There are 2 protein chains.
Amino acid sequence: MGKSKVWLRGLSLMMLSLSLNVSSWAQETQSSSRQTLLQPELNLMPVPASAQMGSGSFKIDSSFNVTLTGHSDTRLEGALQRFLDRLGKQTGLLLPPLHSPTLGKLRMVVRVDHDSKPVQELGEDESYTLEVTPGRVNITAPTDLGALHALQTFLQLVGVSPDGFVAPAVIIKDTPRFPWRGLMIDVARHFIPMEVLRRNIDGMEAVKMNVFHWHLSENQGFRVESRKFPKLHQMGSDGLYYTQDEIRGLIAYARERGVRVVPEFDIPGHSTAWFVGHPELASAPGPFTIERRWGVFDPAFDPTNEKVYKFLDEFIGEMAKLFPDHFFHVGGDEVNGKAWDANPKIQEFIRAHDLKGNAGLQLYFNKKLQGIVSKHGKSMVGWDEVLDPTLPKDIVIQSWRGQASLAEAAKQGYRGILSNGYYLDLGWSAARHYAVDPMGDASAGLSAEEKQRILGGESCMWSEYVNAENIDSRIWPRNAAIAERLWSPQDMRDPASMYARMHVIGAQLEWLGLTHQHNYTRMLHRIAGAASAEEFNALRTLADVVEPVKDYTREQTATEPATSEMPLNRVVDAIPLESRTAREFSEMVDKYVAASCHDTTLAAQLRAQLILWRDNDAKLQPLAQRSFLVKEVAATSQDLVAVASVGLAALDALEHGGNTDEAWKAQQSAVLQEAQKPKGQLLLMPASAIQKLVDAMSAGGSCAAAKS
Amino acid sequence: MGKSKVWLRGLSLMMLSLSLNVSSWAQETQSSSRQTLLQPELNLMPVPASAQMGSGSFKIDSSFNVTLTGHSDTRLEGALQRFLDRLGKQTGLLLPPLHSPTLGKLRMVVRVDHDSKPVQELGEDESYTLEVTPGRVNITAPTDLGALHALQTFLQLVGVSPDGFVAPAVIIKDTPRFPWRGLMIDVARHFIPMEVLRRNIDGMEAVKMNVFHWHLSENQGFRVESRKFPKLHQMGSDGLYYTQDEIRGLIAYARERGVRVVPEFDIPGHSTAWFVGHPELASAPGPFTIERRWGVFDPAFDPTNEKVYKFLDEFIGEMAKLFPDHFFHVGGDEVNGKAWDANPKIQEFIRAHDLKGNAGLQLYFNKKLQGIVSKHGKSMVGWDEVLDPTLPKDIVIQSWRGQASLAEAAKQGYRGILSNGYYLDLGWSAARHYAVDPMGDASAGLSAEEKQRILGGESCMWSEYVNAENIDSRIWPRNAAIAERLWSPQDMRDPASMYARMHVIGAQLEWLGLTHQHNYTRMLHRIAGAASAEEFNALRTLADVVEPVKDYTREQTATEPATSEMPLNRVVDAIPLESRTAREFSEMVDKYVAASCHDTTLAAQLRAQLILWRDNDAKLQPLAQRSFLVKEVAATSQDLVAVASVGLAALDALEHGGNTDEAWKAQQSAVLQEAQKPKGQLLLMPASAIQKLVDAMSAGGSCAAAKS
């Protein structure tokens, strides 16, 4: 095997030559400035710990076969069958089924040393070696888990070439940076059906995430069948809950894909739905109804009531048997204390037990709760509010409020996982998520021993504004960037490389049944109704360059308070949370300005795009007259005309000179500023890039140095 | 309810005023010349027998409810639940589940007089009345079947408006023109999985087709589990067959949607797969293997062997119980007679029994077969080869070879259904299928009594070049045009109206899970591999204007003989069978030329399209260098440059004059002729429209009258 060519985008030659010692990666934090973009790249996501290119490629054709040597079990067999199905879909080739008589040579050989644990454990060996040569593919791994990862890597290597579908020759030695790489889905605010969870677990497997954190109870719903306390799901779910059989099915499905399932029952706050059937557990007398609004609400468990602990002991005992994972999440976040303040008996209890106010009361609750969880053989996980040095050290802190609490927990001897920075519902760009590192910020200064306690991280899909139809597009493809952050070497941090690979992997994810791309189109069709091709394209052109308002401003900009009963059928619900078109336009502007506006090809591309935008509204307006869902974005469509016109004027001036004094710039900037105000809860993304064109003008009307 | 506005596209005011007597429609055959296009139209497909517009519209919101009065049964209940689910999907609204407490007024009331037959029968009453007023929707129907149709009509009425999702006020009285409106799917040449059949039956329900004809055995596969003769499916299917439980499931699924299921076991030819497990039934000694090629093959049952009839008696007895429909299809087509010629014993039998050669032998076989089918309580259906005046009159002739045999059968007293003209695999335009009428051609001269014997028709999806991935795009949306032909008044035949409605209904069909649109995109992504947005769009632009070669020329133009093992992953497999872009371009050219080339807006639109095509190849070529599946269409891409350049030159001359003598025209026409030769089994569709631009030039270089 030759070593002459190195293809891996974002990895320098020097790094690759050092990289066969996989464990050295985590320490290589300073080398990002040395990163070089090498073409052609491997479209792998997450990037493996090491990759060394060989010569030639392995061709996929009807002679393909796969053989297990060494350890074998039903999970591996199933994984190989799924692999063949997926490879067949991805290539459109008819491949022989598993265990067909092998007529020719062995083509892919998978050798696993031994099974992984019956219930998947934190920190099991997930490493693998994948060797692709023109004649054969070898996968070796200590356990099933590594083999599962290797098969996914191979699927990402396969691409179309001048000679058919091939995988390039390469030796990959790979192992994750962090052992806990999770995705949390909130199935309580909006119920998310089983088939949607299954396809998202398929997506997790594809990007090597290994923890599905299932947020199962909330003010807005209690989503699990309890046989001990059936009023919980019967009265707290509107009939939208998972049966225990379904849950066991999903856990088995996840295990087949190397994914642990960690359940969360969020208490003592976030718990209204429990109290619909069991008001006796609450701090206020009730009665309670399922909450329909979004926000932080008052109802909370009564920590002073011994019957509450008896109930939780029985309930957690039942759930501890249903969910085999060693970790059990109890939530613990955002207790506003109002229900406790309002109950004199509870305040008397605080005084009598000399607790430090409501925080002390929650600590009292947490300690008893930890005892119950521990009694049932589990380690407790909680959001960072539960952190207190008097709790046993086996608990795990999930940090949502900031990286400081993660570092603080590690210093105090607690293990932690990072979610701050990974909230998918906030509408951040993939690059912004990608820049967040569990070892960054406050954690960077920890000792090696303390750093060991940082287990990894979890992206979080809170579901105020997602349902079965649009959840995939809120999770994917951005979640792949977070998955890479948690798997790949820390110094992989070039956003350009990440985006290039993310778009390829994102398209591949649709082969798994994920709907992030085609449901976008389908939802636009609903919004457009019976439209001409030109009208529909105009809607698509606009939708492609807007994003929903960020962070928590959707609530703040709503004309009426949102509820769980509001339809999610608007443009703001259909569009991806990050505009690829606007990002690529912005990059083009940067290149153009950086080259002192001399590149006429770039100028022509910018002009064509700006003309398309300027002329788009005229095509869209007839549709806005017919559809209330289009009418809502008509003002934004007119803003697009305005900003595109500014962009064209700036481009004219940059190319040909013109009367563009400071007053002109101020006037153009004012137009752009106005267009950047959210309308219909949408942000018009190209405005900021066009501002860069305006800013590039020198006083004399020629291209100035770019301000970056 | 006002009667002031008539919206129905394609129906004249006069027709509507006459139309409340539904039965009068079938006779109204001369009025198409009086058809008027009225705006805005109702996007209904098939067009109902009569529609009378009211004033205002009915709004769909969270107060929507539906109530059954009169007859009720589980099918109706299920239909209402499916209706609510579909309405919710189509609008994105959260609708209250069936049987929610009705807080406000009744909004939709469905009244059915009585159940239909336990096993759906040919000719049951399928009529319904659907009355939409701003306050309420009333559906009345004699049986479940009419109510099912009414719910589908209502779903087509619902659209987005300035005020939300609404259905326009209207009174529709509807009944089908023909009682047998079928879709045949060949699941034998390529196995088609259950879920694909289910979604296609959903599509049939949406366009009011009522017979699923299941072509279950062929040279290439035997697809049904037989418990009496398990070697049939075990040895004749490569493991790709339906279990009897699955079949019962599909029949129940179809019944819930008002669709009968007619099985076909094609004998005595088309039967190689039977003989793999049962060579003793064949006319030659065997052994036999499953056929992998396409075509007409020699193996055939031995009609002289009494054991064959004993076998068929037992087999048909088993299948007659499995398939409850009264009709049982025995195929009977394309027996080439070679196996009979080659067997001296069979030839001796023909002489001994004084049969008229092989045709006489097949008639002998058919008579005995008819006896068996009849003994098991069924009426026999056969392709038109089985027609013979000595057979009993209860058989049904399915005409695939031409309309003459349908008329001939009717004259002889046989019932018949038309499939000639409805072969979906031949790649005809929807308009060409739409123009074929079961009462047209030879049938037009039949007596009223003879006409009664023409039961309707069936579209046929033969599966040489279709699989689970692309079958939907070969069936839909064109099948909706055939469905309309079989349901709607005969004088509905304006292709412009049909296309306008078909595109709207076609998009709606994706809500049912049909994949004709998004699998096209997905297959192009596979062909493109890791492509830039610009490269992918260039591939799409080319793919949008090519069609597969027509009729049976795909075999003739293949570089190697096609087999069932060949991948269907090429551009020719991915594209729709009819190019909407090319058709709409051609219509634009017609309009432009008809207006003596004076319409500058049209000229600008034509020019923009031609420039896009001319410049497309430069964007596509880098991809053609990387993907073998794109490389295959590189020559066609260059042809698109050539024809677009001719188009631009012609447009220049038409707009501005120029040196365009006969020599010039001949030269341009030669380029267009050359580009119309198939390459990569693709036809470049815009070439013929561009020819019209060239032809529009007068000798002096100005716009001549269009030759149509």
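Is A:S596 buried, partly exposed or exposed? A:S596 comes out partly exposed, because its relative accessibility is 36%. Here are my notes on the rest, bearing in mind that this is a predicted model.

1. **Confidence.** Chain A has a mean pLDDT of 92, with 93% of its residues at 70 or more. For the complex, the predictor reports an ipTM of 0.90 and a pTM of 0.92. The part to watch is residues 1-40 of chain A, where pLDDT stays under 50. The model still has 82 contacts beyond four places in sequence for that stretch.

2. **Interface.** The copies meet through the same surface, because 100% of the interface residues of chain B are interface residues in chain A as well.

3. **Parallel strands in chain A.** Strand β15 (residues 396-399) of chain A pairs with β16 (residues 415-418) in the parallel sense, over four bridges. Within that pairing, A:I397 stands opposite A:G416.

4. **Cysteines.** How many disulfides does a search of the whole structure find? The count over all chains is zero. As for C460, A:C460 counts as buried because its relative accessibility is 0%. B:C460 is buried too, with a relative accessible area of 0%.

5. **A largely enclosed helix.** Look at α28 (residues 686-695) of chain B: seven of its ten residues are buried, so the rest of the structure largely encloses it. The buried ones are B:P686, B:A687, B:A689, B:I690, B:Q691, B:L693 and B:V694. What do these residues pack against? Their partners in chain B are the helices α22 (580-594), α23 (600-614), α26 (634-656) and α27 (662-675), together with strand β19 (682-684).

6. **Cis peptides.** One is the cis bond joining A:I267 and A:P268, where omega is about 5°. A:P268 sits in the loop between β12 (260-264) and α7 (272-277) of chain A. The bond from A:W476 to A:P477 is also cis, with omega near 0°. A:P477 belongs to the loop between α15 (471-475) and α16 (478-487) of chain A.

7. **Positive phi.** Most residues other than glycine have a negative phi. A:S596, though not a glycine, has a positive phi of about 55°. This residue is in the loop between α22 (580-594) and α23 (600-614) of chain A. B:D354 is another non-glycine residue with a positive phi, near 55°. In chain B, the loop between α10 (344-352) and α11 (357-375) holds B:D354. With 68% relative accessibility, B:D354 counts as exposed, whereas A:S596 is partly exposed at 36%.

Conventions: Residues numbered from 1 in each chain as written. Chains lettered and ligands numbered in written order. Predicted model: local features only at pLDDT ≥ 70, side-chain atom pairs only at ≥ 80, totals over all residues. Heavy atoms only, no water. Contact = heavy atoms within 4.5 Å. Disulfide = S-S within 2.5 Å. Buried < 20%, exposed > 50% of the residue type's maximum accessible area, 1.4 Å probe, protein only. Pairing = 2+ DSSP bridges. Helix = DSSP H or I, 4+ residues; strand = E, 2+ residues; numbered from the N terminus. pLDDT = per-residue confidence, 0-100.
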